[in-house]
Amino acid sequence: MDDSLERVASEVRICIKCPLSETRTQAVPGEGPANAAVFFIGEGPGRTEDEKGRPFVGASGRFLESLLRDIGMDRSQVFITNVVKCRPPDNRDPKPLELAACRDYLDRQIALVRPVVVVTLGRYSMERYFPGAAITKIHGQVKRIGEVSYLPLFHPAAALRSDAWRAAMKEDFKLIPKLLSESGRSGL
Ligand code: SF4
């Protein structure tokens, strides 16, 4: 059977591949159009996301939506997901075993959507493409691999706690339309 985003989401919703399945309320597969040009990867669901089964729907999500509005886009145009699909208890960092167990779902989502801009939010998704780097040093520095541009940004939750990081994130976001234009793709 051909793979699909719906199939990945169905598998995620009943997944018991790591211990996060025991403490989650709902798994959060991610959402967005199958042909999204921009693909955001966060860390893991927080409390509100765990309750609603949707990514970035709390304060971080509202900030992300305002950043998208600033560049003339909205969340219906982008794919949004996380490196782990179930909430780590008390919002602790995901553990290596959990990241490894969940990795295949994200790999499949990216392979299916085939975005031209992949935006990492925070250090756990940054680590996939910029191993060993420090987000404070490399945020906003684009790496191009083939047709895809990888853009490391602060996590919105971290940016909300720091005026300087919030300003940096707003500035870094302006790269997204530029990268889309260079790729020849519009927002969708
Ligand atoms: S975090 Fe990922 S691997 Fe772990 S139970 Fe949830 S979906 Fe499965």
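Arg 123 counts as partly exposed because 18 C-beta neighbours lie inside 10 Å; the class covers residues between buried (20 or more other C-beta atoms within 10 Å of the residue's own) and exposed (12 or fewer), with C-beta atoms placed from the backbone. The model is predicted: local features need pLDDT of at least 70, side-chain atom pairs count only at pLDDT 80 or more, and totals for chains, interfaces and linings use all residues. Residues are numbered from 1 along each chain as its sequence is written.

Arg 123 belongs to helix H6 (residues 123-129). Helices (H or I, at least four residues) and strands (E, at least two) are DSSP runs, numbered from the N terminus. Between Arg 123 and Phe 56 there are 67 residues in sequence and 16 Å in space, C-alpha to C-alpha.

**Sheet**

An open sheet of five strands has the order S2-S1-S3-S5-S4, with mixed pairing; two strands pair if DSSP finds at least two bridges between them. Its edge strands, S2 and S4, each pair on one side only. From one strand to the next, the twist averages 20°.

| Strand | Residues |
|---|---|
| S1 | 38-42 |
| S2 | 79-82 |
| S3 | 117-121 |
| S4 | 143-145 |
| S5 | 148-153 |

S1 and S2 run parallel and are joined by four bridges. Gly 42 has Asn 82 in S2 as its bridge partner. In a regular strand the side chains alternate between the two faces of the sheet. Both faces of S2 are covered, with Phe 79 and Thr 81 buried on one side and Ile 80 and Asn 82 buried on the other.

Helix H10 (residues 175-183) packs on the sheet and touches S1, S3 and S5; its direction makes about 155° with that of S3. Axes are lines fitted to C-alpha atoms, for helices over the stretch in contact, and angles run from 0 to 180 degrees between N-to-C directions.

**Core**

The largest nonpolar core has 44 residues, and those with the most contacts inside it are Val 38, Phe 39, Phe 40, Val 117 and Val 119. Such a core is a set of buried Ala, Val, Leu, Ile, Met, Phe, Trp, Tyr and Cys residues joined through C-beta atoms within 7 Å. Helix H5 (residues 96-113) gives the largest share of this core, six residues. Leaving aside neighbours within four places in sequence, Phe 39 is in contact (C-beta atoms, placed from the backbone, within 7 Å) with Phe 79, Ile 110, Val 113, Pro 115 and Val 118.

Definitions and conventions: Contact = placed C-beta atoms within 7 Å.
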